[in-house]
Amino acid sequence: MAVEVSVIATSSLGDRSYLASDGTVAIVVDPQRDIDRILYLAGEKGVRVTHVVETHIHNDYVSGGLELARLTGARYLVAADDEVDFDRTPVADGDTVPVSGALRLRVLATPGHTFHHLSYVLDEADDSGWRPVGVFTGGSLLFGTTGRTDLLGGEHAHELAHHQHASARRLADLLPDGAEVWPTHGFGSFCSASQADAPESTIGREKRANPVLRLAADEFVTETLAGLDAYPAYYAHMGVANLAGPAPVDLTPVARADAAELRERIAAGQWVVDLRHRKAYATSHLAGTVALGLDGPMSTWLGWLIDWGAPLTLLAETEEQVADAQRELVRIGIDRPAAQATGDPDRWSTGPEQLRELRMADFPALAAARAGDTPAGLPAPDVVLDVRMTNEWTAGHVEGAVHIPLPDLPGRLAEVPAGTVWVHCGSGYRATAAASLLANAGREVVVIDDKFGRAGAAGVAMSPGDA
């Protein structure tokens, strides 16, 4: 049977894991921490997991590799140069790992995303010997870009960017144009130096489209370093957890909180997060909560905003939504929320005085308000707050807006000028989270729930990008 490679996507974090099999045995590459998805897929295909491999010690999520190897009895392949606190099969550049009579892995050192990063060429046996089917590139060669080079500290970014360029060139030189490229990062992950939307790729396509294979080393390094923006604060905890050996996950339901307990938790300044869609949150929500809907990258923004280790309570319409949130959160090391509640805001409050609305508008309304014709029911804007990331801001922004990226907002609330704040992001998701933080601080706020690309056409005065 020909090799089959299945993708296990984690869209909320912008990552992919892989299960490659010959119909009997399987290799798992860069598994997320909730390994039940992989065990189910292996069972569905009737294959036995014999090898679990890590391309690198991950900085954006907690790995499930150690636990998966323990449960399946698989060999756990980790770079020999990584000093970890658990038993594994150390591998290094040039190693060949037999998997079955039909499959093998070849280990290639591809430093750049990290110093000890590895890629794994998947070879398939045919009548003439072995042929490369593709390569698992982790955070090295991605679709149209590469993994970022500053996660081990800005002082290493320049050196690692040079390594990244050399590693990508090495892959392109060693593999045929038809070889598939299977990266872990790059589908919205902050581990990617930039973003691309290709669903699949080959070495040949990357030679044509990827800057790392078109630019000279110095030019690539300059361009890469100039494009790097901030990355989530929780990344600081991921590598530490993965080097130590992550504990198994516990996805059992957490304790329920009644309305009185929710009031106490909010009064104590704890994080109580409303997982409903932002439009439901705007209609009615429990005062003091933070809006981070499950329809967006909730775990990324929550992990970035929250004080690490702080008690967390989850609010949702259904138990299934709470379970989904727990699954997302364990992937970044937030293991056990303190409490949860389901239903609607009326059930979460001890009285109507605890409930609050959030006003929403769009960019045409902002243009009208700035022209002196504020739509009925909305307060006039004294401040327009842009909570997008710095790269987004420098590409173009609303004239006269104040810029504070969402991750910085909790520590910079005092910098928001006095008056009514109209807040926007790129779509409305981050703006709603920011508005909830502002409202909790006693500010009058309106969410611009609209695509930023519509602002200019709606008549909002714009400032061109700085770049």
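Predicted model: local features only at pLDDT ≥ 70, side-chain atom pairs only at ≥ 80, totals over all residues.

Entry 1: Helix α3 passes helix α5 in a right-handed crossing. I then checked who touches whom: α3 brings A157, H158, A161, H162, Q164 and H165, while α5 brings A217, D218, F220, V221 and L225. Sorting these contact residues by type gave me six nonpolar, four polar and one charged.

Next I wanted the geometry. In general, two packed helices are described by the angle between their axes and the distance between the axes. For α3 (residues 154-174) and α5 (residues 217-227), the axes come within 9 Å and cross at roughly 125°.

**Entry 2: another helix pair.** At what angle do α9 and α10 pack? I found about 60° for α9 (residues 298-305) and α10 (residues 319-330), with their axes 9 Å apart. The two helices are therefore oblique to each other. Here, too, I noted a right-handed crossing as α9 passes α10. On the α9 side I listed M298, S299 and L302, which meet A325, E328 and L329 of α10. By type, the residues of this contact divide into four nonpolar, one polar and one charged.

**Entry 3: a sheet.** Then I turned to the strands. I traced an open sheet of five strands in the order β18-β23-β22-β19-β21, paired in parallel. Which strands stand at the edges? They are β18 (359-361) and β21 (402-403); each has a single partner strand, so one side of each is left without a neighbour in the sheet.

I zoomed in on one pairing. Strands β22 (residues 421-424) and β23 (residues 445-448) run in the parallel sense and share three bridges. Within this pair, W422 stands opposite V446 of β23.

**Entry 4: helices on the sheet.** I looked for helices lying across these strands. Helix α12 (residues 363-370) lies across β18, β19 (383-386), β22 and β23, and runs at about 145° to β22. Helix α15 (residues 429-440) lies across β18, β19, β22 and β23 as well, running at about 175° to β23.

**Entry 5: a record to compare.** Last, I checked UniProt, where an unreviewed entry lists residues 378-464 as "domain: Rhodanese". Over that stretch I noted 24% helix and 23% strand, with the end C-alpha atoms 28 Å apart.

Note on methods
Residues numbered from 1 in each chain as written. Heavy atoms only, no water. Pairing = 2+ DSSP bridges. Helix = DSSP H or I, 4+ residues; strand = E, 2+ residues; numbered from the N terminus. Contact = heavy atoms within 4.5 Å. Axes fitted to C-alpha atoms, helices over the stretch in contact; angles between N-to-C directions. Left-handed = near helix turned anticlockwise from the far one by under 90°. Nonpolar A, V, L, I, M, F, W, Y, C, P; charged D, E, K, R; others polar. UniProt positions renumbered as here; feature names shortened; annotations may be inferred. Parallel < 35°, antiparallel > 145°, perpendicular 65-115°, else oblique.
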